[in-house]
Amino acid sequence: MRLTHLAAAAALLLTTAPAIAQDARPAAGAKADEKKPAIDLPPLPADRSIMQSARIGTRAISYRATVGTIPVRDDTGKEIAQVVYTAYTVPGGDARRPVTFAFNGGPGAASVYLNLGAIGPKRVQFGAQGDAPSDAPIARDNPNSWLDFTDLVFIDPVGTGFSRSLVDAEATKKAFYANDPDVKYLGKVVYDWLVKEGRLRAPKYIMGESYGGYRVPRIAYELQSQIGVGVNGLILVSPYLDPASRDDATALSPLPWMTALPSMAAAHLERQGRLTPAAMAQVEEYVRGDYMRDLLRGRSDPEATARLVARVTELTGLEPALVKKLGGRVDTATYLREVHRAEGTIGSIYDSNVTAFDPFPWASEQRANDPILDALIAPTTSAMVDFVTREVGWKTDARYNALSYAVNAAWDRGKPDDAPVTDLRKAIAVDPKMQVLIVHGWDDLSCPYFASRLIVDQMPAFGATQRVRLRVYPGGHMFYSRSDSGASFRDDARSMYAQ
């Protein structure tokens with residue numbers, strides 16, 4: 001999950017329990033007996049495992065569920081953080097059994113969304129129309145889990161889940177809350193788990209959703225080129241791959257308009273019951289051709305603007321007067337506010353056909369947080385804490401952060417660049433056996449699928465056109481919340497692991 005500008009207002013209203021130990025050093029000139037006491041962080045429990053079973057696909061799978069901790073150390077060997085993970089492993093000692101490491105995004109999101117929503121052995125429903133925060137957070141067997149063909153390790157970065165920093169706020173931000181340090185310490189966490197569990201010989205896969213999709217190719221290249229661990233495959237789920245193309249890096253680029261429009265069109269087609277790959281192929285052809293050319297003509301060609309307005313109105317289902325006012329350039333925030341206005345609801349940036357009532361329908365701007373973002377905190381947090389503390393018996397009274405706005409606000413994003421695409425190309429080029437699967441939901445406006453389409457089309461073949469595959473499913477950012485899309489995702493992934 002990638003936190004977006006629509007969550008910014010809510011970030012000011014929400015408070016999260018500190019995941020950072022405060023600096024315990026005395027102020028300059030203070031007497032020893034006036035030293036400010038350190039915050040007493042009780043130790044985290046020792047690693048704990050239990051045996052469970054789940055029906056996955058057509059058969060019952062017995063597996064070991066483990067909640068554990070990996071220390072993070074600085075260059076002097078001092079422990080500066082503790083990363084908590086949840087692992088599901090099938091006993092048997094087969095060295096050829098793959099292991100998959102999964103990360104969510106944000107930055108500031110725990111891995112619970114991929115765990116209890118997508119590929120873990122148990123599933124709690126969230127992220128679809130009709131789901132509510134008050135629904136009982138009961139995890140049930142997940143028929144779309146991947147555990148029958150790979151072990152699974154879900155990693156919560158520092159400040160998310162139960163993972164925590166042991167240094168002060170300034171040191172925490174420098175060591176963990178920035179793009180490059182994040183990649184380096186998480187790569188080391190993957191290596192440390194492999195050593196700890198004796199799995200260095202296993203085939204290794206890395207999976208990341210949203211900002212996790214930014215992490216994954218960079219972690220893979222870090223493992224390859226710096227740590228010394230080969231990676232067999234990458235799975236990028238609704239990835240945030242090229243910040244420079246999305247974050248207003250240049251006023252001259254038509255890319256932000258080009259990448260968003262197909263997802264708006266897909267949502268409109270879905271509402272009409274006409275969403276098909278063939279219909280979307282026509283949309284993509286228009287966006288690559290006439291739409292881009294008319295955008296670049298701008299106000300120097302009134303006929304081009306008129307063509308834009310007419311076609312964009314048809315594709316989005318918005319009122320013609322509004323599209324005309326916007327010159328055929330429909331921004332995401334306006335689209336989400338206006339497309340469901342007649343029903344008094346607002347759409348989610350993660351799936352614009354998932355809506356909630358607008359609590360402030362007459363305000364000039366949206367004043368509510370995203371419908372999906374707010375609704376998924378309760379079920380995911382309650383289900384995960386119940387699993388960890390009651391089922392596994394990993395007892396702690398620490399705060400669990402499924403989604404930390406504090407981490408997101410503290411994050412140093414640096415200058416937008418294409419580092420993940422650059423590292424993806426390098427990682428593929430250096431390993432002729434590496435496979436990559438990029439997956440999206442048609443309706444996602446947070447990380448639109450068409451950006452990945454354009455990126456993949458600009459990449460070399462690397463000897464075989466299917467080494468980097470793009471798949472798009474019905475749904476949005478968390479398309480796997482729809483059972484059919486989750487099943488298709490599982491099938492595509494299984495075929496990649498079988499190669």
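Predicted model: local features only at pLDDT ≥ 70, side-chain atom pairs only at ≥ 80, totals over all residues.
Residues are numbered from 1 along each chain as its sequence is written, and side-chain values use heavy atoms, with hydrogens and water left out.

**Figure 1. The chain and its secondary structure.** The chain has 16 helices and 14 strands, where helices (H or I, at least four residues) and strands (E, at least two) are DSSP runs numbered from the N terminus. Of its 499 residues, 55% are buried, a term that stands for under 20% relative accessible area, with exposed over 50% and partly exposed in between (1.4 Å probe, protein chains only). Among contacts with a separation of 6 or more, 73% join residues 24 or more positions apart, a contact being heavy atoms within 4.5 Å.

**Figure 2. The second largest pocket.** The volume of this pocket is about 560 Å³, and of the 21 residues that line it, Val72, Arg73, Asp74, Asp75 and Ile80 are the closest to its centre. On a 1 Å grid over the protein atoms alone, a pocket is an open set of points where a 1.4 Å probe fits, with protein on both sides within 12 Å along at least five of seven lines, and lining residues have an atom within 4 Å of a point; grid points are joined across faces, edges and corners, and the volume is the space filled by probe spheres set on the points. Strand E2 (59–73) and helices H3 (169–176), H4 (179–196) and H5 (211–227) each supply at least two lining residues. The lining divides into twelve nonpolar residues, one polar and eight charged (Ala, Val, Leu, Ile, Met, Phe, Trp, Tyr, Cys and Pro count as nonpolar, Asp, Glu, Lys and Arg as charged, and the others, Gly among them, as polar).

Figure 3. The structure holds 23 aromatic pairs, that is, rings of Phe, Tyr and Trp (its six-membered ring) with centres within 6.5 Å, called stacked if the planes are under 30 degrees apart, edge-to-face if over 60 and tilted otherwise. Tyr211 and Tyr214 are stacked, because their ring centres are 4.9 Å apart and their planes lie at 10°. The two residues are three apart in helix H5 and so are separated by about one helical turn; Tyr211 is buried at 4% relative accessibility, as is Tyr214 at 3%.

**Figure 4. A tilted pair between a strand and a helix.** Tyr473 and Phe489 form a tilted aromatic pair, 6.1 Å centre to centre with 50° between the planes. Because Tyr473 lies in strand E14 (residues 468–473) and Phe489 in helix H16 (residues 483–497), the pair ties together parts that are 16 residues apart in sequence. Tyr473 is buried, with a relative accessible area of 4%, and Phe489 is buried at 2%.

**Figure 5. The enclosed helix H2.** Eight of the eight residues of helix H2 (residues 112–119) are buried, so this helix is largely enclosed by the rest of the structure. Its buried residues pack against several elements, including strand E3 (79–89) and helix H12 (371–392).
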